[in-house]
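Q: I would like to learn how to read a structure feature by feature, with the general idea set out before each case. Could we start once the structure is in view?

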Amino acid sequence: MSEEKYSNLRIVSYYLGKIVIGVAFLLLIPLFTGVIFQEWAAVIDFLISFCIFVIAGILMEIYGRHDYEKFRWTHGLVISSLSWIVLMVLSAIPYILSGHFLSFLDAMFDVMSGFTTTGLGLIQDLDHVSHSLNMWRHVVTFVGGQGIVVLALSFLITKGGGSFQMYVGEAKDEKLLPNVTDTAKAIWKISLIYLFIGTLILGLIGIVIGMSPTRSFLHGLWIFMAGWSTGGFAPQSQNLLYYHSALYELVAIVFFTIGSFNFALHHAIWTGKRREIIKNIEIISFIITLLITFSIATQALMQQGIYATQISMFRKVFFQMISAHTTTGFMTVYVRQFLYDWGSIGVIAISIAMLIGGSASSTAGGFKGIRIGVLWKALISHMRKVMSPENRVFVEKYHFVRKNVLTDDIIKTALLIVICYMITFTVGILAGLFSGYSLVEAIFESASITGNVGLSIGVTSTSMPDGLKITYIIMMWIARLEFISVFALFGLLIDGVRRTWANLV
Amino acid sequence: MGKLSIMFTAILICLLARSVLAHASTVPIGDLIEKSIEYDNNLVEVTGEVIGDVMFRGNMAWVNIGDRTGVIGVWISSKQAEKIRFAGDYQHQGDTVKVTGIFKRDNEKQGGDLSIEGKMLETIKFGKAVHHSISYMKLGSGVILSFMALLLYGLKKKVKIKSYFK
């Protein structure tokens, strides 16, 4: 093995080890939850998992090398993408030990779904799961939403080059503060403050609707974690339908909608720039596309006479639409109702909403509102240029935290990422079709996976072919990291294989 | 005579009602969800385990019942719901109950929830506390892995201290 390749591997290994150890400490949260509720069998599962994490992390760190001078962009991107795969495998250990999964592949599917804040699940008998396992599921989705690398940067990687490369590799590029470690800490500060407020509010509502105080606050914590991270996991198998409460749903909508906003927007509002909420291109784009898709779905369902009253119609359709558009994936209808009640037009409308998604540099998935806004402005600008005198000069601008000029580079980048999403979406449809599902089912589920949404039409289940499970895992991973860091990883792997082959031949 | 007639009529109505309710068709919950249009506004009977919470809301309560095919919410009087002793969770097997009521694909009074407007709840089997035994193999593995983790941590610290003094 050449010196350079050896060095690359050791640099990646060192930082991976750090990230694994960081996530290991998160396992102490469900472990202590199990102690509090005397779930001793689950406590042992988490103790075993914690030890495996620590051993794996330390071994990677010992093998690795902390080398500032040699750290390059590629290393950062590879660490970001590879950490998600390594953590998927390790984090599946407590799941499989719990006995609530039929296979290790199912467990990995759930982990990737959690980390990518998708929210589709293959867990068995969710209604009888321990509090500690539910805590782990929701911690995974909460951390995944903020970013695993963001977590590591906040608390573990205190100095050295590579921080920004890893941060960007996790599909975040907003620099709230000059230093990327301070930016990561600011993101966590915002999230934790909202976590406290959200848990309190949802906990109190839970008591009002008839739950016991303990369960109410636990559910409040988990629903907030899943909502804020736009993950969509819930502690009961009926998802948000379990609570049968318009108030609970309304509060959940507020939190998951705010969670889908760009962290830079949060920071701008917290630092006094309140007008940003009405000037921001992503918010404007989100409202317009939400209204359009909601109108289409409502019209389709009205024609079919699915809901007898306006109130039922609004409550069900609006909730599902905003849950889809923010890529949260909370459900107040049963999975099969999308197929049997919503019809093709309703399914297409919600699929479009899922693909468009939420804001960039947030917990949400999808194409992102800013790209839709940018591409729309680019289209309008181009049409104006074509219809105007040749010597007229146009400078198109858009507002995102500040006024920005719409350059060809920005348009090209936005278009490339949207094309990558469309390719991923198409691959998902084909995989669904080849697995024997109908076109409507394949489109809906692929849109949900591509946008990291988590709504399901019934395709995602333990009876799904293994090939489709693996395809969906890869799709969730690639879409969450927005392609670049995954391409860097594949590039490095292909380069490694090529060099090894050249040495052998 | 008048009072006797009233009493006789009341008994007859109760018997008739019971007979009607007893003849409701028993349906797996999954079927109600899959064929919701077919069962809409029909009298149905479901049997399943009470799960989660019995959520009392004034005179009425929400009870979520699950069988092997699915879980559904039942909107029923608090008096009926008070019969429930255990709701299923990690540490409890919930009561197995038989509920008879009107299936609603779109329950207008409940914001469009697919649910059952329960008329009668009967306990088939009371629930109980569930004990999750500790596997000694897992316990042993946990102890061994803990030692290994501590050992490695010590080794890593030693390597770090040695390289600091080099």
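A: Let us begin with burial, where buried means under 20% relative accessible area, exposed over 50%, and partly exposed in between, with a 1.4 Å probe and protein chains only. Ile187(A) has a relative accessibility of 1% and therefore counts as buried. This residue belongs to helix H9 of chain A, which covers residues 180-208, helices (H or I, at least four residues) and strands (E, at least two) being DSSP runs numbered from the N terminus. The C-alpha atoms of Ile187(A) and Ile62(A), which are 125 residues apart along the chain, are separated by 30 Å.

Q: What kind of model is this, and which conventions apply to it?
A: This is a predicted model, in which local features need pLDDT of at least 70 and side-chain atom pairs count only at pLDDT 80 or more, while totals for chains, interfaces and linings use all residues. Residues are numbered from 1 along each chain as its sequence is written, chains are lettered from A and ligands numbered from 1 in the order in which they are written, and side-chain values use heavy atoms, with hydrogens and water left out.

Q: Where is Ile281(A) found, and which residues does Ile281(A) touch?
A: Ile281(A) is found in helix H14 of chain A, residues 281-304, and with a relative accessible area of 8% it is buried. Not counting residues up to four places away in sequence, Ile281(A) touches Ile370(A), Gly373(A), Val374(A), Lys377(A), Tyr398(A), His399(A) and Phe400(A). The C-alpha atoms of Ile281(A) and Gly369(A), 88 residues apart along the chain, are separated by 7.7 Å.

Q: What should I look for in backbone phi angles, and which case does Gln38(A) present?
A: Most residues other than glycine have a negative phi, and most peptide bonds are trans. Gln38(A) has a phi near 60°, a positive value in a residue other than glycine, and lies in the loop between helix H2 (28-36) and helix H3 (40-63) of chain A. Phe483(A) also has a positive phi, of about 75°, although it is not a glycine, and its place is the loop between helix H21 (466-481) and helix H22 (484-504) of chain A.

Q: Are Gln38(A) and Phe483(A) buried or exposed?
A: Gln38(A) is exposed, with a relative accessible area of 55%, whereas Phe483(A) is buried, with a relative accessible area of 1%.

Q: How many disulfides does the structure hold?
A: A disulfide is a pair of cysteine sulfur atoms within 2.5 Å, and the structure holds 0 of them over all chains. As for the accessibility of individual cysteines, Cys51(A) counts as buried at 3% relative accessibility, and Cys420(A) counts as buried at 19%.

Q: How is the overall form of chain A described, and how many helices and strands does chain A have?
A: The secondary structure of chain A comes to 22 helices and 2 strands. Its radius of gyration is 23 Å, close to the 23 Å that the globule rule gives for 505 residues, so chain A is as compact as a globular protein of that length; the radius is taken over C-alpha atoms, and the rule is 2.2 Å times the number of residues to the power 0.38. Along its principal axes the C-alpha trace of chain A spans about 75 × 65 × 50 Å, and 63% of the 505 residues count as buried.

Q: What does chain B contain, and where does Arg68(B) lie?
A: Chain B has 5 helices and 8 strands, and 42% of its 166 residues count as buried. Arg68(B) lies in the loop between strand S3 (60-67) and strand S4 (70-77) of chain B, and at 89% relative accessibility it counts as exposed. The C-alpha atoms of Arg68(B) and Ile29(B), 39 residues apart along the chain, are separated by 8.2 Å.

Note on methods
Contact = heavy atoms within 4.5 Å.
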